[in-house]
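Open the model in your viewer and keep the selection tool at hand.

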Amino acid sequence: MCQADQHWEWCRWIHMDQFCDFEWVSSGSGIRQIGCDFPKGKVKFTGDYTKHQCGLLIRDLNAKDRGIWMCEVEKYYTGFSRRYVNYLG
């Protein structure tokens, strides 16, 4: 489970050279998976968006699933696309 301190728009889970992306769709349809390298059915979003959570349920664990799993969340910035970085200088 990845826990943010505020609402997020994008959440990405990374394990080794694979990833799975989720997006909050504000039009009322909730969370949708927008890209995933894992085999179909291997992972599923879990968590409560109202509590700022982005979790991953991993099915059929095996030795390849060992190691570090990283979570990245991004806040929505009006007028900017994903992976926007605001450099102050």
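Select strand β1, residues 2-3, together with β6: the two pair in the antiparallel sense over 2 bridges. Here strands are DSSP runs of E with at least two residues, numbered from the N terminus. Two strands pair if DSSP finds at least two bridges between them. Now pick Gln-3; Gln-53 in β6 stands opposite.

A word on the model itself. It is predicted, so local features need pLDDT of at least 70 and side-chain atom pairs count only at pLDDT 80 or more, while totals for chains, interfaces and linings use all residues. Residues are numbered from 1 along each chain as its sequence is written, and side-chain values use heavy atoms, with hydrogens and water left out.

β5 and β6 run antiparallel, joined by 4 bridges. Click Val-43 and look across to Ile-58 in β6, which stands opposite. The two strands form a hairpin with 6 residues between them. In that turn, Gly-47 has a positive phi of about 125°. You now have an open sheet of 3 strands in the order β1-β6-β5, with antiparallel pairing. Its edge strands are β1 and β5, and each pairs on one side only.

**The four-strand sheet**

Next, show β4, β3, β2 and β7. These 4 strands form an open sheet in the order β4-β3-β2-β7, and the pairing is antiparallel. β4 and β7 are the edge strands, each pairing on one side only. From one strand to the next, the twist averages 20°. (Axes are lines fitted to C-alpha atoms, and angles run from 0 to 180 degrees between N-to-C directions.) Zoom in on β3, residues 18-25: β3 and β4 pair in the antiparallel sense over 6 bridges. Cys-20 stands opposite Cys-36 in β4.

**The salt bridges**

How many salt bridges does a search of the whole structure find? It finds 3. A salt bridge is a side-chain nitrogen of Lys or Arg within 4 Å of a carboxyl oxygen of Asp or Glu.

Select Arg-12 and Asp-21. They form a salt bridge, with the closest N and O atoms 2.6 Å apart. Both Arg-12 and Asp-21 are buried. Buried means under 20% relative accessible area, exposed over 50%, and partly exposed in between (1.4 Å probe, protein chains only).

Move to Glu-23 and Arg-32, a salt bridge with its closest N and O atoms 2.7 Å apart. Glu-23 is buried, at a relative accessible area of 14%. Arg-32 counts as partly exposed, at 45% relative accessibility.

Then take Lys-42 and Asp-65, whose closest N and O atoms are 2.7 Å apart in a salt bridge. This pair links distant parts of the chain, 23 residues apart. Lys-42 lies in the loop between β4 (30-36) and β5 (43-46), Asp-65 in the loop between β6 (53-58) and β7 (69-74). Lys-42 is buried, with a relative accessible area of 11%. Asp-65 is buried too, at 12%.

**The largest pocket**

Keep Lys-42 and Asp-65 selected: both are among the residues lining the largest pocket. The pocket has a volume of about 170 Å³. By class, its lining has 4 nonpolar, 3 polar and 4 charged residues.

Note on methods
1 Å grid on protein atoms, 1.4 Å probe; cavity = no way out; pocket = protein on both sides within 12 Å on 5 of 7 lines; lining within 4 Å. Points joined across faces, edges and corners; volume = space filled by probe spheres on them. Nonpolar A, V, L, I, M, F, W, Y, C, P; charged D, E, K, R; others polar.
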